[in-house]
Amino acid sequence: MPRQAILPLVLFAALVLSAALGALAASGHFPHERRAASLRGRLGGAVLFGACALLALSLMVGAVAAWRILPWPAAVIAAGAAILATPLLLRPMPDRLVNGRAALIAFSGASVLLALALTSL
C-alpha cells in the first residue's frame, strides 16, 4: 500500500467507526416506547432521525471518496475492524451519554467532519 494512502485509510476507518457508534447509539431508541424522555417529542424525533440521516449521508460520501483513493482490500479490512470494535468502544461509555441526545449529535457531527476531511484529500 502506498504511503500516501495511510491518512485516507485512517480517516475512512474513523468515519466507519463514528457512523457505527452513532447507529448503535440510535438503535437503543427504538421502539418509540423505549426512547429517553428527551427524544420522545418532535424535537427529539428530529434529532434522532436527523442524526441517522447525517450518519448515512456522511458514510456514503466518505465511501465514495475512499473508493477513489484507497485500495479496496485495505478499505474492507479497516471498515471491518472498525465495525467489530464498535460495541467494545460503546459499552464503557456512560449510559447518560449514550441514552440521550449527546451521543447522536457527537457521532453524527464527527462523521460529517471525517467525511469532509476525506473528500478534501
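Mentor: Gladly, and we start with a term: a residue counts as buried when its relative accessible area is under 20%, and as exposed when that area is over 50%. Please keep in mind that this is a predicted model.

Trainee: Is serine 18 buried or exposed?

Mentor: Serine 18 lies in helix 1, which covers residues 6–27. Its relative accessible area is 6%, and the cut-off for burial is under 20%. Serine 18 is therefore buried.

Trainee: Which residues is serine 18 in contact with, leaving aside its neighbours within four places in sequence?

Mentor: Contact here requires heavy atoms within 4.5 Å. With those sequence neighbours left aside, the residues in contact with serine 18 are Leu55, Phe107, Ala110, Ser111 and Leu114.

Trainee: How are helix 2 and helix 5 oriented, roughly parallel or roughly antiparallel?

Mentor: The axes of helix 2 (residues 42–69) and helix 5 (residues 101–119) come within 8 Å and cross at roughly 25°. Angles under 35 degrees count as roughly parallel, so helix 2 is, relative to helix 5, roughly parallel.

Trainee: What is the handedness of that crossing, and how do the residues of the contact divide?

Mentor: The crossing of helix 2 and helix 5 is left-handed. The residues of their contact divide into one charged, six polar and 16 nonpolar.

Technical notes
Residues numbered from 1 in each chain as written. Predicted model: local features only at pLDDT ≥ 70, side-chain atom pairs only at ≥ 80, totals over all residues. Heavy atoms only, no water. Axes fitted to C-alpha atoms, helices over the stretch in contact; angles between N-to-C directions. Helix = DSSP H or I, 4+ residues; strand = E, 2+ residues; numbered from the N terminus. Parallel < 35°, antiparallel > 145°, perpendicular 65-115°, else oblique. Left-handed = near helix turned anticlockwise from the far one by under 90°. Nonpolar A, V, L, I, M, F, W, Y, C, P; charged D, E, K, R; others polar. Buried < 20%, exposed > 50% of the residue type's maximum accessible area, 1.4 Å probe, protein only.
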